[in-house]
Every structure is written in C-alpha cells, then in structure tokens.
Amino acid sequence: MNSVLGRELRLPCGVVLPNRIAKAAMTEGLADAEDRATNALVTLYRRWSLGGAGLLITGNVMVDRRFLERPGNVVIDGNGGLDELRAWARAGTEAGNHLWMQINHPGRQSSRTSTSKPLSPSDVQLDLAGMFARPRAMTEADIEDAVHRYARVAETARDAGFTGVQIHGAHGYLISQFLSPVTNRREDRWGGSLENRARFLLEVVGAVRRVLGRDYPVGVKLNSADFQKGGFSLEECVRVAGWLGEAEIDLLEISGGTYEQPRLLDHTGEAEGFEEPRRESTRQREAYFLEYASAIQASAQIPLMVTGGFRSRQAMEDAVSSGETDVVGLARPFCVDPDLPKRLIEGTVDRAESPERDLRLGPGRLLGPASPVFLLKFLNVQGEVAWFYRQIIRLARGEAPDTGLGLRSALFRHFRDEIRLSRRRAFRPDHSAL
C-alpha cells in the first residue's frame, strides 16, 4: 500500500487512525420516535465501515431532546437507548476503523417542526422563509446546563463503544453562534471580545476532556470563517485554533459557512457579501477550505482535517503530502460510493463521483420563471441536500444508491418525511410541552 492516503496517523492522545480518509458528519434523520439509534443506522454504518475509511464521524447527536437540528436526530438525554448505541458502535467499527460521535446543540438552528422556543446566545432570529422561531437568549443557568450536557453525551459515547467524539463548533449551530458577533450580542463574560465569545467552546472542550481523560480522542469541528459580513473571521479562527491546541484536542476539522451562507453545501463556493479573496489555484485543486489550513495549523499545532470539495485522488494525495492537511474529509461521495476510500487508497479510482453538479433547478422548473433568485438558490441547496438524504436512506435499507432520482422528487419526499417524523415525535406524551 504505497498511497499516502493509506498511511497511519498517530493522534496526540496516542490513538492511531489506520489511514488518512475520513467520512465527515452528515445528518442522517434515522432515529426512532424515542430519539434513539435504530437498525437503519447499524446497516448504514456497517456499510461505511466496510468501505475502507480510517475514521467515520456520525451525524450530529443532540444533547437536549427539546432542541433538534431536524426530526430524526439521535438524542442522548436520559431517554435510554444504550443498547442501541452499542449496536451502532459495533457496526460502525466492524472493519477496524474509528467511529467518532459528533455531539451538537442546534441553538437557534432548530426548525419550527422541532421546537417553537429555541435557545441562542442572543435573541437574533434566523430568517429563512419563516422556518425558524425567534430564539430566547440563554441565561447563565442555560449555558452551564448545556456545557454539562455535552460532557454527559461524550461519556455515554465512550461507554457505548464509540472510539472518539467530535464537538460540533461549525455551520452556525450553538457553539458557532457563540463565536460569531452576528449571533452573539451579549455584554457579559460570554460575549463581546473573542476571548469571551470562545469561552463556551473552551468550557465544553474542558468539560468533555475531564470526563473522558487524556487518552481518549476528542476532536472539534470549526468554521474557518462564517463567510458573512461581521461574522466569525479567518483571523479569529486562527486564534481560536491556537486555544484549542492548548486545550490538547486531538483533531481539528476545518469547514465553513452557516445556514445563511451554506458555503459547504453550495459547491460553487461563492458567498454573497463576503469579500475575503480566494486563490484561483484553490479552485483548481477543489478543496474549498484548504487555502486557510496552513495558518490554522501553524497556530493550533495539532492534526488537521479539511472537509469540503475534495473529489480527485491527486488533490487528496497532494494535500496530505504537502502537509496542508493530515486527514481528508469526504461526505457526499460516501452516499453514492460507499467503497470509495478503499479504492482511492488502492489507486483503482482517480476521482469521486460528483452527481450534485448536475442537480440544478432552473427558473420555471419548480416555482415558475419569475421565482426570486435567492429563493431558487435556497431551493437548489435544499434540493441537493434532500437528494443525498434519499441516498443515505437507501443505503440504510441495504439498497443501492439511486443516482437517477430527480431533484424535485427528492425535495418532495424529504419534506413529506420531515413532516411525518415531526408528527410522530409530537404525539409522544413527554413532548407535549416542547
């Protein structure tokens, strides 16, 4: 095995990843009505484990049943389900790879189908077609409770057999909301200066490390930038990365964007209103966030994982060989080609499939020719997401991907299932107050 992608990576905690390819987190929506793991997750992650990646990172597991990123999230919140988690962990490590649980709280990015009373650092509403309610600004007690919940979920993940955890601090979720001046307008010790805005993240990391010890892998996913005017910037990311290095995390994943600027989901890589320049060479070599990696890595001095845009084996090998990243994060390719990592390492494939590049809704195809541009762009992004959700569902059923699925059909099925999952969960007696 001569490929640089097949080389082992020793993490600061002493744990060894068997190769340099990781499946980045993708929300699955496969939990049962009790918010617990299911046989569908077992089937899905066994399939991905056998595909050859050295590291699999789960979709976000929620720390509080009152606040979901979407219906169907797995939640660890006193709702039992340890046996189901153990089955998930066994299946996801069947080939000897690592399986890390991504731990998350959505903050204000909890849709109305999940809660009408979201929390956030400040009461800044996410205004996307009325899909999200205005959040309540968190009290000191709310913040302390959330920190405790992250640590409790991390401890449960370890006890269930997951080989590591990743704290989700990117993509506009709660930790990201604390980091960004756009969503954090507090004037207490949790807001204002970057030191204060990063306090919540560092408190979470510290609490998780205390319950897990130093020899268990702890990772963090962090935005290189929010790509919004006045938001979390690359300069701030570099400083926070340095603090995370001092906190002795084991792997820092770099990504970017929020619901309002979905840089990771919009494969064009364009962010309206964001003026930081992009090198043309970065476009040519695919990886959206690789241009920021060297500055972040120099500050953090910990292993780095870069996710977003990698498709060719050459680009992946070049990024690892040059030291720009230690681990290549892939997500959507796993939905249509579960065996891709094995074939990339063996050198039998040169490029991952990119079906999303043909999945576009033009004017008149969905809403009529006079559809507002911003709405069309939003639906295109949501349609792509829905299309890949449908592939995940097929893999979880033991079926082959359906690459011939149309975007409109994927959107319809996705919204239908989201409504069904929301209603199923809402009828539970213990959710009547949510």
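Helix H3, residues 140–160, has 21 residues and reaches 31 Å from its first C-alpha to its last, close to the 30 Å expected at 1.5 Å a residue; the expected span is 1.5 Å times one less than the number of residues. Helices (H or I, at least four residues) and strands (E, at least two) are DSSP runs numbered from the N terminus. The model is a predicted one, in which local features need pLDDT of at least 70 and side-chain atom pairs count only at pLDDT 80 or more, while totals for chains, interfaces and linings use all residues. Residues are numbered from 1 along each chain as its sequence is written, and side-chain values use heavy atoms, with hydrogens and water left out.

Buried positions in H3 include Asp142, Ile143, Ala146, Val147, Arg149 and Tyr150, where buried stands for under 20% relative accessible area, exposed for over 50% and partly exposed for in between (1.4 Å probe, protein chains only). Ala151, Val153, Ala154, Thr156, Ala157 and Ala160 of H3 are buried as well. After the helix comes Gly161, with a positive phi near 110 degrees.

Strand S6 (residues 98–104) is mostly covered, with seven of its seven residues buried. His98, Trp100, Gln102 and Asn104 point one way from the strand, and Leu99, Met101 and Ile103 point the other way. S6 has several parallel partners, and two strands are taken to pair if DSSP finds at least two bridges between them. Strand S4 (residues 55–57) runs parallel to S6 and is joined to it by three bridges, with Ile57 opposite Trp100. Strand S5 (residues 61–62) is also parallel to S6, through two bridges, and here Met62 has Asn104 as its bridge partner. Strand S9 (residues 164–169) pairs with S6 over four bridges, again in the parallel sense.

Two helix pairs are worth a look next. The axes of H1 (residues 39–49) and H2 (residues 82–92) come within 7 Å and cross at roughly 20 degrees, the axes being lines fitted to C-alpha atoms over the stretch in contact and the angles running from 0 to 180 degrees between N-to-C directions. H1 is thus roughly parallel to H2, a label for angles under 35 degrees, with over 145 roughly antiparallel, 65 to 115 roughly perpendicular and the rest oblique. Their contact (heavy atoms within 4.5 Å) is made by Leu41, Val42, Tyr45, Arg46 and Ser49 of H1 and Ala87, Trp88, Ala91 and Gly92 of H2.

In the second pair, the axes of H7 (residues 234–246) and H9 (residues 293–300) come within 7 Å and cross at roughly 30 degrees, so these helices are also roughly parallel to each other. Leu234, Cys237, Val238, Ala241, Gly242 and Gly245 of H7 meet Ala295, Ile296, Ser299 and Ala300 of H9.

Leaving aside residues up to four places away in sequence, Gln391 touches Cys335, Val336, Pro401, Asp402, Thr403 and Leu405. Thr403 is twelve residues from Gln391 in sequence and 8.1 Å away in space, C-alpha to C-alpha. Gly406 sits in the loop between H13 (373–396) and H14 (407–426) and is partly exposed, with a relative accessible area of 33%. The C-alpha atoms of Gly406 and Trp387 are 7.8 Å apart, although 19 residues separate the two along the chain.
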